[in-house]
Amino acid sequence: MKVDLAETKKIIERYRSEKGALIPLLQDIQAVYGYVPAESIELISKELSIYPVKIYGILTFYTQFYLAPRGKHTIKACQGTACHVMGGKAILDHLSDKLGIDVDGITPDNMFSLERVACLGCCGMAPVIVIDGDFHGRCTIQKIDELLDNYRSGKAK
């Protein structure tokens with residue numbers, strides 16, 4: 001898929017005169033495309049005289065950045081100790097089966113991406129998942145199915 005770089009060019013111009021603005025620039029690009037396309041990295045490198053390895057170093061160091069397209073909704077399933085003890089692995093396995101994708105996969109309809117995270121910091125609500133920044137605690141298989149149905153039908157954000 002070819003990426004239209006018009007937005008990347010606008011973002012580069014916005015940050016061109018700011019020193020140390022590579023991370024906000026990359027965040028803005030990701031906000032537009034949902035990830036940071038390789039074509040954008042090449043353009044940033046060329047326009048701002050930054051070696052691509054430096055850009056990739058930042059993109060791979062911070063877990064907030066994605067180098068591949070994501071689904072419309074990102075689901076993060078906590079696998080921290082409390083969530084693990086309370087059935088977090090079964091929740092993750094159910095999500096994987098229900099969506100038909102592995103961890104870090106994207107559904108064929110581009111609706112969902114699935115991630116495993118080490119800890120979301122809300123152990124009292126275990127097991128927990130996050131969908132697009134919304135926390136859902138004390139998850140059960142039934143609750144997961146209802147959440148997925150709501151997102152598929154557009155009832156959820």
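A disulfide is taken here as a pair of cysteine sulfur atoms within 2.5 Å. The structure is a predicted model, in which local features need pLDDT of at least 70 and side-chain atom pairs count only at pLDDT 80 or more, while totals for chains, interfaces and linings use all residues. Residues are numbered from 1 along each chain as its sequence is written, and side-chain values use heavy atoms, with hydrogens and water left out.

A search of the whole structure returns zero disulfides. C78 takes part in none, and the nearest cysteine sulfur, that of C83, lies 3.5 Å away. The sulfur of C122 is 6.5 Å from the closest cysteine sulfur, in C83, which is too far for a bond. C78 counts as buried because its relative accessibility is 5% (buried, under 20% relative accessible area; exposed, over 50%; partly exposed, in between; 1.4 Å probe, protein chains only). C122 also counts as buried, at 16% relative accessibility.

C78 has V117 as its bridge partner in strand 2. Helices (H or I, at least four residues) and strands (E, at least two) are DSSP runs numbered from the N terminus. Strand 1 (residues 73-78) is mostly covered, with five of its six residues buried. Strand 1 runs parallel to strand 2 (residues 112-117), to which six bridges join it; two strands pair if DSSP finds at least two bridges between them. Opposite I131 of strand 3 stands I75.

Strand 2 also contains E115, which counts as buried because its relative accessibility is 9%. The side chains of E115 and R70 are joined by a polar contact of 2.7 Å (a pair of N or O atoms within 3.5 Å; within protein, one must be able to donate a hydrogen and the other to accept it, and residues adjacent in sequence count only if both atoms are side-chain atoms). Neighbours within four places in sequence aside, E115 is in contact with Y66, R70, T74, I75, K76, A77, V103 and D104, where contact means heavy atoms within 4.5 Å.

In helix 1 (residues 6-15), the buried residues include T8, I11, I12 and Y15. These residues lie on the same side of helix 1, because they cover an arc of only 100 degrees around the axis; the arc is that of the directions from the helix axis to the C-beta atoms. The buried residues of helix 1 pack against helix 2 (22-33) and helix 3 (38-48). In helix 3, S40, I41, L43, I44 and S45 are buried, and the packing partners of these buried residues are helix 1, helix 2 and helix 4. S49, which follows helix 3, has a positive phi near 55 degrees.

A nonpolar core is a set of buried Ala, Val, Leu, Ile, Met, Phe, Trp, Tyr and Cys residues joined through side-chain atoms within 4.5 Å. The largest such core has 21 residues, of which L22, L25, L26, V36, I44, I55 and L59 touch the most other members. Helix 1, helix 2, helix 3 and helix 4 (52-61) are the elements that give two or more residues to this core, and helix 2 gives the most, with four. Apart from this core lies another, of 17 residues, among them L92, L99, I131 and I144. Beyond its neighbours within four places in sequence, L59 is in contact with L26, V36, I41, F65 and L67.
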